[in-house]
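This report is meant for someone meeting the structure for the first time.

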Amino acid sequence: MGSKLSGKDLIKIGFPQNNIMNLALGLITRYRRGEKKENILLEAKKVLEAPEKFREDAVWAKLAEGLIQPVEARKQQLNKQMAPFTIFGENEIDEQAKRQLYEALKLPIAYKGALMPDAHMGYGLPIGGVLATDNAVIPYGVGVDIGCRMSLSIFDLPASYFKGREFQLRNILKENTQFGMYDTHREKQDHAIFSRSEFKDIPLLRSLLDKAYRQLGTSGGGNHFVEFGVVELHQVRSEWGIRPGSYLAVLSHSGSRGLGANIAKQYTNLAAKQCPLPRPVQHLAWLDLDTQEGQEYWLAMNLAGDYAQACHEDIHRRLAKALGERPVLTIENHHNFAWREMVDGKECIVHRKGATPAGQGVLGIIPGSMTAPGFIVEGRGNPLSIQSASHGAGRVMSRAACKSSLTKSAMLKELEQHGVELIGGALDEAPHAYKDIHRVMGLQNELVNVLGTFSPKIVRMDK
C-alpha cells in the first residue's frame, strides 16, 4: 500500500465506528497487506453495501457475517468465586504472583489452577502458573516465547572427557551457537518444518517464513543458554540403552524466536479487541476455540512449538557433529505452551506458563542455575498440580535488582569457585537471582521423581 490504510479511511466510505471497523482492519492487515489502498477500499465498500454476496468469500466472510448479524464485543465480567486451585511451596512465592493466579481463577472460562514452587510475577499468568480453561486459549497464558523448552542430549562419553578438552569444548560452543535478535548461522539448514501448510494458509505465518528460516538453530537472549555439562544418571529406563553413571551432555534452553513473538503479539491484540477485560486482568484476554481466530492461533501456536523443537534439534546436531559423536539419549519438554488435556474428567485447555508437563511417566528437565544442578524428572501425574511441575528454580531477584546490587566480578568469582566457565551472559542471570533449586525440588516430591542431575561446566549465553 502506498500509504497505510486506517480506520478514518473506512469511516469515509461508510463504516460504523464500532467493532465492525476493527474487524475490517484486522482482515485487511491479515489478508491484503501490501495491496493498493484504493483497491482494498473499493472492495470493502462492496462488502459494506451487499454483505450477503460475500458470505462465502475467503477474505471477507467474517466481515459479511458481522454486518448481517452484528456482534458487539462486550466487556467480560469476572466471577466472584475463584475456580479450585492448589499452591505448592506457598511460603516461597511472592504475594503478587499469588494475586495474579487468584485473578485468573475468576475468569468465566477458568476451570482449575495451580502454582508451582518456582513461581514469580509475570504478565497475565504468573511464571510457574498453570490454568485449565473451558474451550478457550489465552495467548498471554502461553506467553510471548511460545514453545520455550529444554533439550538434553546425553553422549556415551564419560564425565572425565572434560579433562584436558576444556579449550576444545569452549570453541565448539563458540563456533556452533548463535544468540540474540540478530546473529544467525552462516550456513543455513533446511528442515521439514518449513514445508508445513500453516506457513502457506495463515497470512501472518507466510510473512514470517523467511525470518524463521534465518533464525533456525539460534537461541534468544535473557535466560536462554546452551551448555556442556555432566549428567549423573541414578535411575535409567530399559529402553534408554544406557547404564547409570556419569556422562558428557549438552543442555539447551530457548524457544520459538521471532516467529513465536510475532504470533503472540498479533493474537494477543486480537483477543484484547474481542474480549475486553477489567484492567487488572486485561492481559488474560482469550480466544474462543470455536472461532476462526481461536483456531488460527491454535494452529500457529502448535507450529511455533514444533519450530522451537526444530531449533533445538539443529543446535544439538551442530554440536554433535563438531564432537564427532551421536547422542545416545535425548530428553526434552516445552514449558510455555497450551495443551488439550483431560482435567478431572473434563477436556480442557491447559496453559503452562513456565511449568513442566508432569503426567504419569512423562520425562522432563528442570534446570537450576549456572552453579546449581538441573534435574531429569519423571512425572507422577498429580491431579492437584494439573499434572505439572516447576520449570526451574524461579527468580528471587528482579533483573533490575541484580544490576543494581551485584557485580560482574563477584559473579565470575562465584562461577570459578564452582568450576563453571561462562561465555557471554549478563549480570541479571547471576546465580543469586534464583531460588535454591534443592529447596524447590523438595517442595514438589509429590509431583515428580528424580532420575538424574545435570551440572553445568561450560555455559554459553547471549552477549
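What follows describes selected features of a predicted model.

**Nonpolar cores**

The largest nonpolar core has 54 residues, and those with the most contacts inside it are Leu 107, Val 137, Ile 263, Tyr 267 and Tyr 297. Several elements give two or more residues to this core, among them helix H5 (95-104), strand E2 (110-120), helix H9 (203-215), helix H10 (257-274) and strand E10 (336-343). The largest share of this core, nine residues, comes from H11, which is the helix that spans 292-323. Leu 107, one of the residues with the most contacts inside the core, touches Leu 78, Asn 79, Leu 131, Ile 138, Leu 277, Leu 284 and Trp 286, when residues up to four places away in sequence are not counted. Apart from this core lies another one, of 53 residues, which includes Leu 233, Val 343, Cys 348 and Ala 433.

**Aromatic rings**

A pair of aromatic rings is described by the distance of the centres and the angle of the planes. The count for this model comes to seven aromatic pairs, and two of them are set out in the table.

| Pair | Distance of centres | Angle of planes | Arrangement |
|---|---|---|---|
| Phe 85 and Tyr 102 | 5.5 Å | 55° | tilted |
| Tyr 123 and Tyr 140 | 6.4 Å | 50° | tilted |

The pair of Phe 85 and Tyr 102 links distant parts of the chain, since Phe 85 belongs to strand E1 (residues 85-87) and Tyr 102 to helix H5, 17 residues apart. Phe 85 is partly exposed, with a relative accessible area of 33%, and Tyr 102 is also partly exposed, with a relative accessible area of 24%.

In the other pair, Tyr 123 lies in the loop between E2 and E3 and Tyr 140 in helix H6 (residues 139-142), so that the pair ties together parts that are 17 residues apart in sequence. Tyr 123 is exposed, with a relative accessible area of 58%, whereas Tyr 140 counts as buried at 18% relative accessibility, because the cut-off for a buried residue is under 20%.

Phe 194, Phe 199, Tyr 213 and Tyr 307 form one aromatic cluster. Rings also take part in arrangements with charged side chains: Arg 165 lies over the face of Tyr 161, at 4.0 Å from the ring centre, and the charged end of Arg 352 sits over the ring of Trp 339, 4.9 Å from its centre.

**Residues with a positive phi**

Most residues other than glycine have a negative phi. Against that background, Asn 135 has a phi near 55°, a positive value, and lies in the loop between strand E3 (127-133) and strand E4 (136-137). Asn 135 is partly exposed, with a relative accessible area of 26%.

For Ile 386, too, phi is positive, near 55°, and this residue lies in the loop between strand E14 (374-379) and strand E15 (388-390). Is Ile 386 buried or exposed? With a relative accessible area of 4%, Ile 386 is buried.

**An aspartate in helix H1**

Asp 9 is found in helix H1 (residues 7-12) and counts as buried, at 12% relative accessibility. The side chain of Asp 9 reaches the backbone nitrogen of Ser 6 at 2.8 Å. Leaving aside residues up to four places away in sequence, Asp 9 touches Lys 4, Lys 37 and Leu 41.

Technical notes
Residues are numbered from 1 along each chain as its sequence is written. This is a predicted model: local features need pLDDT of at least 70, side-chain atom pairs count only at pLDDT 80 or more; totals for chains, interfaces and linings use all residues. Side-chain values use heavy atoms; hydrogens and water are left out. Helices (H or I, at least four residues) and strands (E, at least two) are DSSP runs, numbered from the N terminus. Buried means under 20% relative accessible area, exposed over 50%, partly exposed in between (1.4 Å probe, protein chains only). A nonpolar core is a set of buried Ala, Val, Leu, Ile, Met, Phe, Trp, Tyr and Cys residues joined through side-chain atoms within 4.5 Å. Contact means heavy atoms within 4.5 Å. Rings of Phe, Tyr and Trp (its six-membered ring) pair if their centres lie within 6.5 Å; planes under 30 degrees apart count as stacked, over 60 as edge-to-face and the rest as tilted. A charge sits over a ring if NZ of Lys or CZ of Arg is within 6 Å of the ring centre and within 35 degrees of the ring normal. A polar contact is a pair of N or O atoms within 3.5 Å; within protein, one must be able to donate a hydrogen and the other to accept it, and residues adjacent in sequence count only if both atoms are side-chain atoms.
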